[in-house]
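User: Please take me through the labels used for this protein. I would like to hear what stands behind each of them.

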Amino acid sequence: DFVGGDLDLFVNGDLGSVERVYVEVHQEVLGGQGMKQLFDAMSEKGFHYDQWHSCGSVVLFSRIEEKQ
């Protein structure tokens, strides 16, 4: 459950060995800027929004596979 206090974990944390991040986000707590910050941070760390396993406030970020 992602209520805002964990935003720093995703923005500044080392996710180098992580393949997927499954979180429930609360836009009413994060606001638009916080949501953007989360999605931008995950994108910068090599993750994408995985629409096949996300629903509403439950979001899956999957690591983008590098083509060989």
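Analyst: The questions below go from the sheet to the aromatic rings and then to the core.

User: What kind of model is this, and how are residues numbered?

Analyst: The model is predicted, so local features need pLDDT of at least 70 and side-chain atom pairs count only at pLDDT 80 or more, while totals for chains, interfaces and linings use all residues. Residues are numbered from 1 along each chain as its sequence is written, and side-chain values use heavy atoms, with hydrogens and water left out.

User: How do you know that E1 and E3 pair?

Analyst: Two strands pair if DSSP finds at least two bridges between them. Strands (E, at least two residues) and helices (H or I, at least four) are DSSP runs, numbered from the N terminus. Strand E1 (residues 20-24) and strand E3 (residues 58-63) are joined by five bridges, so they pair. They run antiparallel.

User: What makes E2 and E3 a pair?

Analyst: Strand E2 (residues 47-49) is joined to E3 by three bridges, and the two run antiparallel. Three meets the requirement of at least two, so E2 and E3 pair. Tyr49 has Phe61 in E3 as its bridge partner.

User: Why are E1 and E2 called edge strands?

Analyst: The open sheet has three strands in the order E1-E3-E2, with antiparallel pairing. E1 and E2 are the edge strands: each pairs on one side only. From one strand to the next, the twist averages 25 degrees.

User: How do you know that H2 packs on the sheet?

Analyst: Helix H2 (residues 27-44) packs on the sheet and touches E1, E2 and E3; contact means heavy atoms within 4.5 Å. The direction of H2 makes about 20 degrees with that of E3. For such angles, axes are lines fitted to C-alpha atoms, for helices over the stretch in contact, and the angle runs from 0 to 180 degrees between N-to-C directions.

User: Why is the pair of Phe39 and Tyr49 called tilted?

Analyst: Rings of Phe, Tyr and Trp (its six-membered ring) pair if their centres lie within 6.5 Å; planes under 30 degrees apart count as stacked, over 60 as edge-to-face and the rest as tilted. Phe39 and Tyr49 are 6.0 Å centre to centre with 40 degrees between the planes. The distance is within the limit and the angle falls among the rest, so the pair is tilted. Phe39 is in helix H2 and Tyr49 in strand E2, ten residues apart.

User: What makes the pair of Phe39 and Phe61 edge-to-face?

Analyst: Phe39 and Phe61 lie 5.0 Å centre to centre, with 70 degrees between the planes. That angle is over 60, so the pair is edge-to-face. Phe39 in helix H2 and Phe61 in strand E3 are 22 residues apart. Phe39, Tyr49 and Phe61 form one aromatic cluster.

User: Which of these rings are buried, and which are partly exposed?

Analyst: Buried means under 20% relative accessible area, exposed over 50%, and partly exposed in between (1.4 Å probe, protein chains only). Phe61 has 2%, so it is buried. Phe39 has 29% and therefore counts as partly exposed. Tyr49 has 41%, so Tyr49 is partly exposed too.

User: Why does Ser62 count as buried, and what does its side chain meet?

Analyst: Ser62, found in strand E3, has 9% relative accessibility, so it counts as buried. Its side chain makes a polar contact of 2.9 Å with that of Asp50. A polar contact is a pair of N or O atoms within 3.5 Å; within protein, one must be able to donate a hydrogen and the other to accept it, and residues adjacent in sequence count only if both atoms are side-chain atoms.

User: What makes a nonpolar core, and which residues touch the most other members of the largest one?

Analyst: A nonpolar core is a set of buried Ala, Val, Leu, Ile, Met, Phe, Trp, Tyr and Cys residues joined through side-chain atoms within 4.5 Å. The largest has 13 residues, of which Phe10, Val21, Val23, Val25, Leu38, Met42 and Phe61 touch the most other members. H2 gives the largest share, four residues.
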